[in-house]
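Here is a short briefing on one protein chain. Look at the sequence and the structure first, then read the points by topic.

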Amino acid sequence: LGDVYKRQMQRGASTCARLWAAKGYQCVYLSGRQGSFQQISNNWLMSHAFPPGPVHLTRTGVPTMPVYASVGVFKVEYMEELKNKGCEIYAAYGNTLTDIKAYDAVGIPKERTWIVGPHGGEDGSVKIDYESHNYSVLTDHPDAEVEIPYTSMSWGPVFLGEDDTFYERKLDGASRHRLKKNLRQSLRTSAEHDEDFEEVQQEQKGTAEAEMGRGGDYVV
């Protein structure tokens, strides 16, 4: 399936995630697809330049049903688990009504419940497309109160297509500032956000492997 089916990315989606990472937030990838798609999901995220982070799918080979009692409850339980470990979920993205309901159930503010596609704006959510939304991530939201200590942008050797040869370098304040400056410039100068970001990606490769810890700020 992985060699045949190539799911297209929403334009600007990976840039959006990397903007949050540059601001010190941990991105979490939560999906109701069955666990047998774990490796395909990991590889897809990595190949589209998403920042590393936990990828949580169902624990069985059976997919959740596209109704709230199934996939919605699954997502709520995982987000509640994060909160019980001391994590604050600052914002969330999705594309379905079950996403909106699940995010509301765990207390994510509606003004930071961003939905792409036809359900955007329903039930108090905010309709977006990533390309017009991304710059507001830099300008309208604070850096994370507890920044995730990125040390490498590599997903690690356990994921197909990666290796462990990237050097580690702490993403200190100056490096984080430079990353945000480069991202801001790329967003200003071209509508081709993801293509423009390739240079920034190469510069930062090896500088931000996410470490999931207690008390950090998260974007789902």
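A residue counts as buried when its relative accessible area is under 20%, as exposed when that area is over 50%, and as partly exposed in between. By that rule Trp 114 is buried, because its relative accessibility is 4%. The model is predicted. Its protein chain holds 7 helices and 7 strands.

**Overall fold**

- Along the sequence, the elements of the protein chain run α-β-β-α-β-α-β-α-β-β-α-α-α-β.
- The protein chain has 220 residues, and 47% of them are buried.
- Take the contacts in the protein chain with a separation of 6 or more: 73% of them join residues 24 or more positions apart.
- The protein chain has an accessible surface of about 11100 Å². Carbon and sulfur atoms account for 51% of that surface.

**Nonpolar cores**

- In soluble globular proteins, nonpolar side chains tend to be buried together.
- The largest nonpolar core here has 24 residues. Trp 20, Tyr 29, Tyr 93 and Tyr 130 touch the most other members.
- Helix α1 supplies the largest share, with 5 residues.
- A second core is separate and has 14 residues. Among them are Met 79, Leu 82, Ile 89 and Ile 108.

**Aromatic pairs**

- The count of aromatic pairs is 8.
- Tyr 93 and Trp 114 form another pair, with ring centres 5.1 Å apart. Their planes are at 40 degrees, so this pair is tilted.
- Tyr 93 belongs to strand β4 and Trp 114 to strand β5 (residues 113-115), so the pair ties together parts that are 21 residues apart in sequence.
- Tyr 93 is buried as well, with a relative accessible area of 12%.
- Ring pairs join Trp 20, Tyr 25, Tyr 90, Tyr 93, Trp 114 and Tyr 130 into a cluster.
- A charged residue also meets this cluster's Tyr 90. Arg 112 lies over the face of that ring, 3.9 Å from the ring centre.

**Cysteines**

- How many disulfides does the count give? The count is 0.
- A disulfide needs the two sulfur atoms within 2.5 Å.
- Cys 16 is buried, at 2% relative accessibility. Cys 27 is buried too, at 4%.

**Helix α2 and the residue after it**

- Which residues of α2 are buried? They are Ser 41, Asn 42, Asn 43, Leu 45 and Met 46.
- The cover over the buried residues of α2 includes β2 (29-30) and β3 (55-56).
- Ala 49 follows α2 and sits in the loop between α2 and β3.
- Ala 49 is not a glycine, yet its phi is positive, at about 65 degrees.
- Ala 49 counts as buried, because its relative accessible area is 12%.

**The loop between β5 and β6**

- Gly 121 is placed in the loop between β5 and β6 (126-127).
- Is Gly 121 buried or partly exposed? Gly 121 is partly exposed, at 40% relative accessibility.
- Setting aside neighbours within four places in sequence, Gly 121 is in contact with Val 126 and Lys 127.
- Gly 121 and Ile 100 are 21 residues apart in sequence. Their C-alpha atoms are 9.6 Å apart in space.
- Asp 123 also lies in the loop between β5 and β6. Asp 123 has a positive phi of about 50 degrees, although it is not a glycine.
- Asp 123 is exposed, because its relative accessible area is 52%.

Notes: Residues are numbered from 1 along each chain as its sequence is written. This is a predicted model: local features need pLDDT of at least 70, side-chain atom pairs count only at pLDDT 80 or more; totals for chains, interfaces and linings use all residues. Side-chain values use heavy atoms; hydrogens and water are left out. Helices (H or I, at least four residues) and strands (E, at least two) are DSSP runs, numbered from the N terminus. Buried means under 20% relative accessible area, exposed over 50%, partly exposed in between (1.4 Å probe, protein chains only). Contact means heavy atoms within 4.5 Å. Accessible areas come from the Shrake-Rupley method with a 1.4 Å probe; for residues, only the protein chains shown count as cover. A nonpolar core is a set of buried Ala, Val, Leu, Ile, Met, Phe, Trp, Tyr and Cys residues joined through side-chain atoms within 4.5 Å. Rings of Phe, Tyr and Trp (its six-membered ring) pair if their centres lie within 6.5 Å; planes under 30 degrees apart count as stacked, over 60 as edge-to-face and the rest as tilted. A charge sits over a ring if NZ of Lys or CZ of Arg is within 6 Å of the ring centre and within 35 degrees of the ring normal.
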